[in-house]
Amino acid sequence: MSAPALPDVPTTLLIGGSWRPAAGGATFPVDNPATGQALIEVADAGVPDALDAIRAAADAQQALAALSPAQRAALLRRVEAALRDRTDEIALLITLEMGKPIAESRGEVGYAADFFGWFADEALRIGGDYRLAPTGLTRILVQHKAVGPCLLITPWNFPLAMGARKIAPAIAAGCPSVLKPAEQTPLTSLLLARIIEESGAPPGAVNVLTTSRPAEAVGAVIDSGLARKLSFTGSTEVGKLLLARCAAQVMRTSMELGGNAPFIVCADADLDEAVEGALLAKMRNIGQACTAANRFIVAESLAGEFTSRLAKRMGALTVAAGWLDGSQVGPLIDDAAVEKFDRLVRDALDRGATVETGAVPAIGRFVTPTVLSGVAPGTALLDEEIFGPLAPITTFRAEEEAVRAANGTPYGLVSYVYTRDLRRALRLVGSLATGMVGVNSGVVSNAAAPFGGVKQSGLGREGGFEGIAEYLDTTYAAIPV
Ligand code: ADP
């Protein structure tokens, strides 16, 4: 299979405004998941590079603070415009290193640009407040200031948007950062950094560390004491390790961790809309999203019809390399992801699940969209984050039963609810232990909304009015009247 040519991308580290190789010249390969072949080599940062990067960020704090809110907003607007102008080139890069269909990569570029637009406005609205102490003798002046140098760690599934969702509010708040992209998808972050640099960011405002040894490089940045904040998107397992490490420095943290999203279809749901929403919530990003519907919990009266319609739609999707016309399902990110998909399907079948579509052997990293019904409690795919195009269907009779099943997980990122009854919808929004709910909607991501989870799905919110607060500290001044 021959892939289109790789767009022009930087392959070295960006530290303090200079593009440079890793100390000692180490590099590591980046794969095209559709072909399994290397696209290019990028710099493999070690501890000395990591320390240089966080020092460069700390050194840039003054220059960034010297920009007025309007100047920071204008910088973010220029980045937004450049992303939109260069959609084709960036989308191809995302597809080549991550695998998703090009139409979805284009959508991701738009979504990422939205964050720069949203936080350009937010840069202008950083407020504070003023009050009088109850005695009437002291003025209390509350001000919000940049938290300081930030370490931003992103996953491979949305290589552009996850970086955008962190860098845009950091710049808006006046925080310099070190971006550490996932080792599977460093190229998009390098291109984003170049675009931010070309848009006029002060040197050192954004630094990029690509590395195949994340634990070492990240550990060095955290232990340096120079980073004041970590924003991490990735697995709950790694998130817990990083929280513990950050505790030693009493760092601020934002954690976007794993999910196990329930997709509840009530007996009064509009079936057409529910199937459409299910397809979106399950298949976006080849199922490799923390917001992906992980468990379908369907009213018994509708389950047969819902299952056969969903199976028909999922079975008709075109599985092909993301750059090919008509591709709707690209490859999984790596061999480990394919092995996990196969393991989860086998386990469900061993426990008596019925194949409605799919469940055929993978070809390379391409797996077939699969729907399984009659999935018994205790089956691994109900407890683990699937991260692939696999839809297990379970049923319920009473609403409380659906809520109990939905909440019966250590995660609480997003839930989906399909019903035509407004009161039921609001009741479910209230009783589901989750950070976000899609009500008759298979998509919740929006730059204007606070994205994030409860329980072991994370801490803090990204986007919305809440997003910038994660990058701000509070200083209050007591001023006698
Ligand atoms: P996933 O399972 O989606 O790959 P990970 O949590 O492993 O999620 O990875 C998310 C991000 O965390 C990536 O940028 C990865 O390089 C980084 N990462 C993985 N392990 C560690 C670690 N031990 N310390 C610091 N960062 C890590």
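Trainee: How are α3 and α6 oriented to each other, roughly parallel or roughly antiparallel?
Mentor: This is a predicted model, and in it α3 and helix α6 (residues 186-198) pack at an angle of about 155°. Angles over 145 degrees count as roughly antiparallel, so α3 and α6 are roughly antiparallel to each other. Their axes are 8 Å apart.

Trainee: Which residues make that contact?
Mentor: α3 brings Ile 90, Leu 93, Ile 94 and Glu 97, while α6 brings Leu 187, Thr 188 and Leu 191. By class, the contact of α3 with α6 has five nonpolar residues, one polar and one charged.

Trainee: And how do α4 and α5 pack?
Mentor: α4 and helix α5 (residues 161-173) cross at about 10°, with 9 Å between their axes. Angles under 35 degrees count as roughly parallel, so α4 and α5 are roughly parallel to each other.

Trainee: Which residues meet there?
Mentor: From α4 you have Glu 108, Tyr 111, Ala 112, Phe 115, Phe 116, Phe 119, Glu 122 and Ala 123. They meet Ala 161, Ala 164, Arg 165, Ala 168, Pro 169 and Ala 172 of α5. The contact of α4 with α5 divides into 11 nonpolar residues, no polar ones and three charged.

Trainee: Let me zoom out. How is the chain divided into domains?
Mentor: Domain 1 covers 13-257 + 458-480, and domain 2 covers 261-446. Taken over C-alpha atoms, the domain centres are 31 Å apart. Where the domains touch, 16 residues come from domain 1 and 18 residues from domain 2.

Trainee: Switching to sheets. What's the strand order in the seven-stranded one?
Mentor: The order is β14-β15-β16-β13-β12-β17-β18, in an open sheet with mixed pairing. β14 (354-357) and β18 (436-439) are the edge strands, each pairing on one side only. From one strand to the next, the twist averages 25°.

Trainee: How do β15 and β16 run, parallel or antiparallel?
Mentor: Strand β15 (residues 370-373) and strand β16 (residues 390-396) run parallel, joined by three bridges.

Trainee: Which strands does α9 lie across?
Mentor: Helix α9 (residues 271-283) lies across β12 (261-265), β13 (293-299), β16, β17 (414-418) and β18, and runs at about 165° to β17. Helix α14 (residues 422-431) also lies across β12, β17 and β18, running at about 165° to β18.

Trainee: I clicked on Ala 274 in α9. Is that residue buried or exposed?
Mentor: Ala 274 has 27 other C-beta atoms within 10 Å. A residue counts as buried at 20 or more, so Ala 274 is buried. Beyond its neighbours within four places in sequence, Ala 274 is in contact with Val 265, Ala 269, Phe 306 and Tyr 418.

Trainee: What about Thr 409, buried or exposed?
Mentor: Thr 409 is buried as well, because 24 other C-beta atoms lie within 10 Å. You'll find Thr 409 in the loop between α13 (399-407) and β17. Setting aside neighbours within four places in sequence, Thr 409 is in contact with Asn 260 and Asp 383.

Trainee: Now β7: which residues are on each of its faces?
Mentor: In strand β7 (residues 150-153), Cys 150 and Leu 152 are on one side, with Leu 151 and Ile 153 on the other. These residues are all buried, and both faces of the strand are covered. β7 runs parallel to strand β8 (residues 177-180), joined by four bridges, and Cys 150 stands opposite Ser 177.

Trainee: Last one: where's the positive phi in the β3 and β4 hairpin?
Mentor: At Gly 36, with a phi near 75°, in a hairpin that has four residues between the strands. Strand β3 (residues 27-32) and strand β4 (residues 37-43) pair in the antiparallel sense over six bridges, and Phe 28 has Val 42 in β4 as its bridge partner.

Definitions and conventions
Residues numbered from 1 in each chain as written. Predicted model: local features only at pLDDT ≥ 70, side-chain atom pairs only at ≥ 80, totals over all residues. Domains from an automatic or database assignment. Contact = placed C-beta atoms within 7 Å. Pairing = 2+ DSSP bridges. Helix = DSSP H or I, 4+ residues; strand = E, 2+ residues; numbered from the N terminus. Axes fitted to C-alpha atoms, helices over the stretch in contact; angles between N-to-C directions. Parallel < 35°, antiparallel > 145°, perpendicular 65-115°, else oblique. Nonpolar A, V, L, I, M, F, W, Y, C, P; charged D, E, K, R; others polar. Buried ≥ 20, exposed ≤ 12 C-beta atoms within 10 Å, placed from the backbone.
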